[in-house]
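This report describes one protein model in plain terms. Please look at the sequence and the structure before reading on.

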Amino acid sequence: DAKAYGLSYLKNSIFFRIPFFQRPYVWKSDNWVEFYETLKESIINKKSTFLGSIILKDTGDRFDFNSENWEKPIYEVIDGQQRLTTISLFFRAYYDAFIKNDTQKIIDYGAKFNDAFYTKWQESKTNRHIKILHSYFDRKPFEKCMKGNLNIGSITSDSDQISKCYQYFYNELKNEKNMDIIDKFMEYLLNDDEKYKIMVIIKINNDENEQQIFNTINSSGVRLTVADLIKNALFDKLNQLTENKQDVIEFYNKTWTRAFLLDFETSKYWSKLSLTGRLERERLEILLHSIAIIKGFYDQREGDKLENLHKKFASYIKDMDLETLKNFIIEICGIGSSTEEIKTGYAQIYQEHFFDFVESDLFSLDDRNKVFHKMLEIFDTTTFNPYILSIYKRVEAQILNSDEANKLLLKLEKLIARSLICKSQTKKNFNNENINLIMGKSNIDSLLSDDSINDESFRLCLRNINNDYAKAVLFMIELNRINPAENAVRSIVYGYQLEHIMPQKFQQFWSIETLPVFDNEGKFIDNPEIASQTRTNSIYQIGNMTLLTGKLNNKIKNFDFTRKKIGSNGQKGMADYSSLLVTKQVINEEVWNEAKILKRTIQLTNEILEVW
């Protein structure tokens, strides 16, 4: 139910509740400036402006405040708390700047101002309560502002955002030169005939899907994620089970805040977006999804969908008692402070092992786990994250030792690499197999026995491999060729340039007339079409590819083999970028043709079979 309203909507006798563990007030000066200038512009141009939409969920609740029965409906602010808070602070600053100390204006405007931002909790009572009940973290500064108890001179750059917002509006209003604008600001708030319809109120019922609505209407610029909804479900339930609300705040700080919001780098890590299938998801959501699979209350084989993940969490914790719920949250987040023993949760295990990579990262077989996760990134596979996380959890619980875990992970890497390089149908079953592996209903050895990814199939697929996967194969071969006893270099980066030695554009300098084509048995192919197709096929074999430490000039890339190796006309050739072992071998060759490619393909295939 969406409808346009003016600010006079706020005068309805309703209560706005900010979900307790929603993110805090985060609007900054840019948002305040835009808000203020937008209102001014609309007054100057005598046109209504648009402040955006606010999504409210009819909870069906009645609020018990100070043991008094609340007689008004409670709406949960699903989206728009930043906007509602800003509107309230703006008009409170206006009231303090121009109404508070003017007896006549209090008579003219005071009652209607109170109606907009305060509600009686019983009609027979004269005392009022602020309509917006903020989260615990913002409640004190918000109430301090709205009750007129804030000392504006005490606000500094280190103060909370709510106080700084109030200070900004108060100063701007007091410094405003155009008093016509000042006088008309209240008209926006007080107008009862809905002349200024400047926002859209969207009401949703309890049984409606908030996430589906947020995917369509992203009014705040930052969608309410599934992870947000799960967090709300966990701590709302905890709030219901706990008499002392301060205990909930402390528990939240020692668990969720510590795990996911401790500092900028931690928050950045968990908010990173990854493309999984067709959906872009936050890493925190991927973690929670993994935990749901591990715990067995989410299974896509039974029709469970990611957009309903928060409902699966809510259902899972529905009948939990206080201690069981707290232990579950600790299992997710861990817990700890300077005064107590720290317990490790899934969050710490995940952050320790699931890396963020940069181009300068070095890799070696000394840290095979890091190489494993780089391969997952290259093969763009997150499907097995729950199974991988479960392995690390078992190590942390001393159910598996590190060697046993590494063997399982390397087998999994082999399964993923072969399945994707061979374009096997086994990839379509990754979701199912991930769950089967966690439940112990399957094992990787049995999955590797599939004919589509056996040794012979893998050999054939390496004769027609795409560039990204070829780079991964050559990188792994290079890592395994490095002998610490013989080489000073023990670590390499991943950011090398893949090069087709016989170029993809071979027609000018590698034509079948210039360089004859022979079949696998060494017989000359005199049919031009067959010869051309044979050459094309050879180009995409792993044996025709190598890694260079720098990028060749486009002309050099297509030159004949001699000039491509040594360069031409001042342009560097492959020899100038040939410090890697997989490339030095090529530089030592005098000619390059189909026979050389096939020989090197067989050699590289045998080497990668030792790894995968």
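## Basis of the values

This is a predicted model, in which local features need pLDDT of at least 70 and side-chain atom pairs count only at pLDDT 80 or more, while totals for chains, interfaces and linings use all residues. Residues are numbered from 1 along each chain as its sequence is written, and side-chain values use heavy atoms, with hydrogens and water left out.

## Overall build

The protein has 26 helices and 16 strands. Helices (H or I, at least four residues) and strands (E, at least two) are DSSP runs, numbered from the N terminus. The radius of gyration is 32 Å, well over the 25 Å that the globule rule gives for 612 residues, so the protein is more spread out than a compact globule. This radius is taken over C-alpha atoms, and the globule rule is 2.2 Å times the number of residues to the power 0.38. Along the principal axes, the C-alpha atoms fill a box of roughly 105 × 60 × 45 Å.

Of the 612 residues, 51% count as buried. Buried means under 20% relative accessible area, exposed over 50%, and partly exposed in between (1.4 Å probe, protein chains only). Among contacts with a separation of 6 or more, 71% are between residues 24 or more positions apart; a contact means heavy atoms within 4.5 Å.

## Surface and charge

The accessible surface comes to about 29900 Å², and 45% of this belongs to carbon and sulfur atoms. The areas come from the Shrake-Rupley method with a 1.4 Å probe; for residues, only the protein chains shown count as cover.

The protein has 82 positive and 86 negative charges, and their mean positions are 2 Å apart. Lys and Arg count as positive and Asp and Glu as negative, while His and the chain ends are not counted. Each charge is placed at NZ of Lys, CZ of Arg, CG of Asp or CD of Glu.

## Aromatic pairs

The structure holds 41 aromatic pairs. Rings of Phe, Tyr and Trp (its six-membered ring) pair if their centres lie within 6.5 Å; planes under 30 degrees apart count as stacked, over 60 as edge-to-face and the rest as tilted. Phe-235 lies in helix α8 (residues 226–241) and Trp-256 in helix α9 (residues 245–260), so the pair ties together parts that are 21 residues apart in sequence. Both Phe-235 and Trp-256 are buried.

In another pair, the rings of Phe-297 and Phe-313 have centres 4.9 Å apart and planes at 85°, so this pair is edge-to-face. Phe-297 lies in the loop between α11 (283–295) and α12 (309–317), and Phe-313 in helix α12, so the pair ties together parts that are 16 residues apart in sequence. Phe-297 is buried at a relative accessible area of 12%, and Phe-313 is buried at 0%.

Ile-43 sits in helix α1 (residues 29–44) and counts as buried, at 9% relative accessibility. Its C-alpha atom is 7.3 Å from that of Lys-184, which is 141 residues away along the chain. Leaving aside neighbours within four places in sequence, Ile-43 is in contact with Ile-181, Lys-184, Phe-185 and Tyr-188. Leu-287 is in helix α11 and is buried, with a relative accessible area of 0%. With neighbours within four places in sequence left aside, the contacts of Leu-287 include Phe-260, Trp-270 and Leu-389.

Ser-442 lies in the loop between α18 (430–439) and α19 (444–448) and is buried, at 18% relative accessibility. Asn-239, in helix α8, is buried at 15% relative accessibility. Asn-239 and Thr-276 are 37 residues apart in sequence and 33 Å apart in space, C-alpha to C-alpha.

## Helix α15

In helix α15 (residues 368–378), 10 of the 11 residues are buried, so the helix is largely enclosed by the rest of the structure. Among the buried residues are Val-371, Phe-372, Leu-376 and Ile-378. Their cover includes α14 (346–353), α16 (385–396), α17 (402–421), α21 (467–481) and α26 (594–611). Just after α15, Asp-380 takes a positive phi of about 50°.
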